[in-house]
Amino acid sequence: MESEALSALAGKLVPGRFYDGFFVSEYGRLEALRAARYNSAFSVIILTIDHGPAIDDESAGLEALKAAARACVDSIRNCDVAGLTNDGQITVILPETDWF
């Protein structure tokens, strides 16, 4: 799927709380700089949904992706950021965490 299509799709999955790849990567870059400056930690979770139906506007694959996006958004704190990156993966950035 092209990056423009993924960007548009990200906004439809969980409006207002699920971001596109540009925002997630930029937020991750800024969080890495902040963590280095203040000697703190952060975590990144990358979810890949494989072996499912193809994702398009009317498929079961889109419903599976919506369910995964909703589960991520419902499970994270307000300061965490989740989104669909350009390679079709769900990425979650968790500031001030050291879980791994």
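**View A. Disulfides and two cysteines.** A disulfide is a covalent bond between the sulfur atoms of two cysteines. Here a disulfide is counted when a pair of cysteine sulfur atoms lies within 2.5 Å. By this rule the count is zero disulfides. This is a predicted model, in which local features need pLDDT of at least 70, side-chain atom pairs count only at pLDDT 80 or more, and totals for chains, interfaces and linings use all residues. Residues are numbered from 1 along each chain as its sequence is written, and side-chain values use heavy atoms, with hydrogens and water left out. C72 is buried, with a relative accessible area of 11%. C79 is partly exposed, at 39% relative accessibility. Buried means under 20% relative accessible area, exposed means over 50%, and partly exposed lies in between (1.4 Å probe, protein chains only).

**View B. Helix α2 from end to end.** Helix α2 covers residues 21-38. Helices (H or I, at least four residues) and strands (E, at least two) are DSSP runs, numbered from the N terminus. The expected span of a helix is 1.5 Å times one less than its number of residues. For the 18 residues of α2, that gives 26 Å. The end C-alpha atoms are 26 Å apart, which agrees.

View C. G21, V24, G28, E31 and A35 are buried in α2. Seen down the helix axis, the buried residues fall within an arc of 90°, so they line one face of α2. The arc is that of the directions from the helix axis to the C-beta atoms. Exposed residues F22 and R37 sit on the face turned away from the buried side.

**View D. T91 in strand β4.** T91 lies in β4. T91 is buried, with a relative accessible area of 9%. Contact means heavy atoms within 4.5 Å. Not counting residues up to four places away in sequence, T91 touches V24, V44, I45, I46, V81, A82, G83 and T85. One of these, V24, is also a buried residue of α2.

View E. N39 follows α2, in the loop between α2 and β2. Its phi is positive, about 50°, although N39 is not a glycine. N39 is exposed, with a relative accessible area of 74%. E96 is found in the segment after β4. E96 is not a glycine, yet has a positive phi of about 55°. E96 is exposed, with a relative accessible area of 56%.
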